[in-house]
Amino acid sequence: MSSLKENRKFTEENASNKRPKLEPQTSLKEKYMLSGIKESDVGITEYITKDETGFTGILKHRYTDFLVNEIDTDGNVIYLENVGFEPKKRPPREANPCKKQDVTPCTIKLSEEHRIKLESYFGEEDVKKLLALLVTGDNLVSQRTFDDKEQRTKIHKLLREAFYGKLETITSENNRFKIALLTKGSRRSKADSVIVEHSLGKPTEFLHVTMLKENKETMEVASTLSRLLKIPMKWISYAGTKDRRGVTVQRLSLEKMRVERVSHLNKVLRGVKLGSFAYATQPLKLGQLNGNSFLITIKDVKYSGVLEKILEKRLQTLDSSGFINYFGMQRFGTFSVPTHIVGIQLLQSNWKGAVELLLSEQELVMQDSIESRKIWKQTHDASLALKTMPSKCNAEYAILKKLSNERKKDGNYTSGSYFNAIMQIPRNLRIMYGHAYQSFIWNSVASKRIELFGLNVVEGDLVLLTQDETDEDLKHQANDQFSDDNDEGETEDIKKSEYVRAKVVTKHEIESKKYSVFDVVLPTPGFDVIYPSNEILRQVYIDLMAKDGLDPFLMSRRVREFSYAGTYRHLLGTVNGLEYYVRHYSDNNESLVRTDLELLKLSGTLNQAEGTHPLLESKRIVEDKPGDKIAIIIKMQLDVASYATMALRELMRTETSRRGDTHEEE
């Protein structure tokens, strides 16, 4: 077994401590500016078999051609089985001195009991200001802070009772109360006017919900929910992100939300439906799923020979041999400048270089941002460029907004200013660039591994440790950190489930056929992984990263978010539940499959929120009919983090493209 200590020894003997900072190469940017990147640019070059018989077709002509349903940790496919509750008007409150939804200042006589309680929390001065804001309409920020969550909940309730629900109260980041007069535009005014009847029980800390989204990214919808519900993004969590181009169904969890408020959003959301609500005591966490179920329509299929024979042969190979588990093209972005190129600059701590790449003029870019990019190139005036940069360009908008408040030195922004701007990018995007670079390296090494050794297990390959082996390995590592007389059980505190470890395959294990190629893993570069002991593969890591001024054995950084531990990824992906259907049609705009929402409408149970309503799966795929075009519909299930397009690439033996026809599952 190769330990971390042995791996570090190799690092000290062979790794260079010099990490040169490279500016973005003009030729590198120009390389991708017009055509974008190809598979070979991100290390995708090999196939499982040498048989080149395949077929071509159009993938994701319409977003409804790509249906994705999450699979939960119990192995159940998540479907949208209802769309919430029908709201009813709430009866008017009694004894309210101010009219319902009155948005003008009014006077409320505070009871002595309420006054005493409020003064005990806020103090006499703030209570006077509370009463005054009913007349002035001003806002109030409490002088005192309230760090205890239960106490804050009591105060929110007290304020509603004392002022008859006429105040809107929220807690700031530093746990002070922000209090204002409730208006028609405030977050509670509409939600409070409706009620829903349900049997979900007493509200708990988290509300879980099934979300169906059409042609939208998961983070995009989360941002919309955050804005409409007026809650922090961190209160919204999910098990996995789903790409834009498709109709996807997954579970979300919302913190401190009642079903009444969330269900009401179905009236205003576009391209999104929420349903199957349930209160829970824990949030969802990234990776808390077993995979994804796909239903993919490939249109305008062209082939040479007998289609059924080609399909049977290709599907049999995919089913038995799997596919190279590449990170798909969508991992590397949809703009001209690939995300892994930005990742190089961040790993080099070249903050200016990263900013220049993100704000650069590009051929493949969101059209609304072209003018802003042009202004930035000509003037480097962040305030001016910000005026035309759409806020939906999250990274670019965040950078320009921060730079517009930074001072220049000798006419230029400092490195510190560029760093501050980078750190304003939403965290999930910030770390994505480095992950994309790790993915590029993994793809390249995987291609070399298949090219050299095919599907054979060879000495020096890596496999994951079993749970028992992992526990034993952790104990040995922990014992090395303590003196001989310190043996009172500190190792028992290690959280075993958080560790994934690998070991080198020995010659004896190969001869005994203990492992198959499906057990082989490769690491993404990081400070907490071991690398294959096969010198050729190890050198691929070193040589590739050296071209970018980086070192696979030096992946720690002063900025924690750009220090990457690395992960292990199986060399081959496997496919489950593989089925196919052939359909004839005439127009590429025709829908040949039905979404969950369409099946709900077909069944007549769209607005029946109580209980579950199994979808009419027999109606999922439309009946065949005469037509001069052929479509192939593929149904399959993939493990977490596998890309459906990489499985389809193996099936079709054709290049996948970034331009709207790829899909990412993370």
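**Close-up views of a predicted model**

**View 1. Ser-237 and its surroundings.** Beyond its neighbours within four places in sequence, Ser-237 is in contact (heavy atoms within 4.5 Å) with Leu-252, Ser-253, Pro-283 and Leu-284. This is a predicted model, where local features need pLDDT of at least 70, side-chain atom pairs count only at pLDDT 80 or more, and totals for chains, interfaces and linings use all residues. Residues are numbered from 1 along each chain as its sequence is written, and side-chain values use heavy atoms, with hydrogens and water left out. Ser-237 sits in strand β9 (residues 236-238); strands are DSSP runs of E, at least two residues, and helices are runs of H or I, at least four, numbered from the N terminus. Ser-237 counts as buried because its relative accessibility is 17%, and the cut-off is under 20% relative accessible area with a 1.4 Å probe, protein chains only.

**View 2. Helix α13 and what covers it.** In α13 (residues 394-403), the buried residues are Ala-395, Glu-396, Ala-398, Ile-399, Leu-400 and Leu-403. Their cover includes α10 (351-359), α11 (370-379), α12 (382-386), α14 (415-422) and α15 (427-453).

Terms used
Buried < 20%, exposed > 50% of the residue type's maximum accessible area, 1.4 Å probe, protein only.
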